[in-house]
Amino acid sequence: MDDDTEYAAIGRQVGRFIRLSERLFATLKWSDAGRGLERPAYMLLSRIAVDGPFRLSALATDVALDLSTVSRQVGALEAAGLVRRATDPSDRRASLVEVTDVGRDVFEENRARWIATWQELLAGWTPEERQIFATLFTQLNQSLAERLPGAERQPGTTSERDAR
């Protein structure tokens, strides 16, 4: 049965957006310093560069990935010189993952490419349309964040941080 409610239409468009944005992300040319990193590694680099440093367990929770996956991807980032481990000052037995200068440069370069792609995609939109869309999309993301258990206590869940 086809559900034609606005909720079903929104759900279909959100699903389509996720699929298309994943395909778009795969087509972009990324910084030579980060070449060969898998998409989850780029996502982790972004989270660490914006809101780090993180303990591995907190990072895994923040990005909703298994700790073993995060550990493997952070290892790849570390091998590429994009992040490093530092002692957690609040618990000297634990470590924090922080971005290196090279990692910050790679992040900034890739972020600039990502923003340029969005500028190209939305070039035909008026400034008012872009502002309305940004407001509504932010509102949707805030509703999603509020729906998640414990989201308000997790790092990187505010709309300001997620917008970076």
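A64 is exposed, with a relative accessible area of 69% (exposed means over 50%, buried under 20%, partly exposed in between, with a 1.4 Å probe and protein chains only). The model is predicted: local features need pLDDT of at least 70, side-chain atom pairs count only at pLDDT 80 or more, and totals for chains, interfaces and linings use all residues. Residues are numbered from 1 along each chain as its sequence is written, and side-chain values use heavy atoms, without hydrogens and water.

**The chain overall**
- The protein chain has seven helices and two strands (DSSP runs: H or I of at least four residues for helices, E of at least two for strands, numbered from the N terminus).
- Read from the N terminus, the order of elements is α-α-α-α-β-β-α-α-α.
- Of its 164 residues, 28% count as buried.
- The accessible surface of the chain comes to about 11000 Å² (Shrake-Rupley method, 1.4 Å probe). Carbon and sulfur atoms hold 54% of that surface.
- Among contacts in the chain with a separation of 6 or more, 52% join residues 24 or more positions apart (contact means heavy atoms within 4.5 Å).

**α2 against α3**
- Helix α2 (residues 39-51) and helix α3 (residues 56-63) have axes that come within 11 Å and cross at roughly 110° (axes are lines fitted to C-alpha atoms, over the stretch in contact for helices; angles run from 0 to 180 degrees between N-to-C directions).
- The two helices are therefore roughly perpendicular to each other (65 to 115 degrees; under 35 is roughly parallel, over 145 roughly antiparallel, the rest oblique).
- From α2, the residues M43, L44, R47 and I48 meet L59, D62 and V63 of α3.
- This contact of α2 with α3 has five nonpolar, no polar and two charged residues (Ala, Val, Leu, Ile, Met, Phe, Trp, Tyr, Cys and Pro count as nonpolar; Asp, Glu, Lys and Arg as charged; the others, Gly among them, as polar).

**α2 against α5**
- Helix α5 (residues 101-121) packs on α2 at an angle of about 110°, with the axes 10 Å apart.
- That makes α2 roughly perpendicular to α5.
- Y42, L45, S46, A49 and V50 in α2 meet G103, R104, V106, F107 and N110 in α5.
- By class, the contact of α2 with α5 has six nonpolar, three polar and one charged residues.

**Loops around α3**
- Most residues other than glycine have a negative phi, and most peptide bonds are trans.
- P53 lies in the loop between α2 and α3. The peptide bond from G52 to P53 is cis, with omega near 0°.
- A64 sits in the loop between α3 and α4 (67-79). Its phi is positive, near 60°.
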